[in-house]
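Reader: Could we go through this model together, beginning with the ligand?
Author: Gladly; here it is.

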Amino acid sequence: MNHHLLLIIHLLSATIWVGGHLILTFGHLPQALKTKDQNIILNYEKKYEPVGMSALVLLVITGILMAYKYGVSLDYWFQFASPIEKVISTKLLLLFLTVAFALSAQFRVIPKLKSNPEKLAEMAFHIISVTIIGVLMLVYGSYIRFGGI
Ligand code: HEM
C-alpha cells in the first residue's frame, strides 16, 4: 500500500486512540473520582472500546508496514542502532507496555470495579498511564520526519 495512504490511516487512528484517552482522562475521570461513580468510566469504556481497539490494531499494522518501507524490518528491531530504528523500537516497547496495561485493566481491574468503587484509584492509574504512553508514542512518531532520534 502507498506510504502516504498508510500515514493517513495511521494519523486518523492516532487521533482516535490518543484523543479518546485524553477525553477519558480530562473529561470523565475527574468527575468519576469526585462522585466515586465508577459507572462514568465503565459506560465510556463500553462505548469507546470497540472503536479504540480497532484504532490501536490499525496503528500497529500501518506502523509496521511504514517501518518496513523505511527499511526497518523485524531483523533490525530492538538494536537501537540507527535513528529511525531507535524511534520504531521505542514505539514497539511502548506498545507492549500499552498492551500490558490494557490486559491488566480488562482482566484484573474492571471486573472488580463493577461492584467496588474503591478500585477507582487503580483504574485511574491505568487510564493515566495509557494516556501518557499514547502521547509519548505520538511525540516519538513525529521525530521520524526529522530523521529519527
Ligand atoms: C498509540 C500508538 C501510536 C501512535 C499514537 C502513533 C502516532 C504517530 C504519529 C503522530 C506519527 C507522526 C506522523 C507524521 O510525522 O506526520 C507517527 C509516525 C510513525 N509511526 Fe506511529 N504511532 C503509534 C504506533 C506506532 C507503531 C506500533 C509503529 C510501528 C512500530 C509506528 C510506526 C510509525 C512510523 C514508521 C511512523 C513514520 C511515518 C512517516 O512519517 O512516514 N507507530 N506515529
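**Around the ligand**

Author: A polar side-chain atom of histidine 3 is 2.6 Å from an oxygen atom of the ligand, where a polar contact means a pair of N or O atoms within 3.5 Å. This is a predicted model, in which local features need pLDDT of at least 70 and side-chain atom pairs count only at pLDDT 80 or more, while totals for chains, interfaces and linings use all residues. Residues are numbered from 1 along each chain as its sequence is written, and side-chain values use heavy atoms, with hydrogens and water left out.

Reader: And which atom of the ligand does histidine 10 face with its polar side-chain atom?
Author: For histidine 10 that is a nitrogen atom of the ligand, at 2.9 Å, and a polar side-chain atom of lysine 91 likewise lies 2.6 Å from a nitrogen atom of the ligand.

Reader: Which residues come nearest overall?
Author: His3, His10, Tyr70, Lys91 and Arg145 do, out of the 23 residues around the ligand, a residue being counted if one of its heavy atoms lies within 4 Å.

Reader: How does that shell split by residue type?
Author: It holds 15 nonpolar, 6 polar and 2 charged residues, with Gly counted as polar and Tyr as nonpolar.

Reader: Which helix gives the largest share?
Author: Helix 1 does, with 7 residues, although helix 1 (3-35), helix 2 (38-69), helix 3 (83-113) and helix 4 (120-143) each supply at least two; helices here are DSSP runs of H or I with at least four residues.

Reader: Switching topic, what does UniProt place at residues 46-139?
Author: An unreviewed UniProt entry places "domain: Copper resistance protein D" there, and over residues 46-139 the chain is 80% helix and 0% strand (strands being E runs of at least two residues).

Definitions and conventions
Polar contact = N/O pair within 3.5 Å; in protein donor to acceptor, adjacent residues only side chain to side chain. UniProt positions renumbered as here; feature names shortened; annotations may be inferred.
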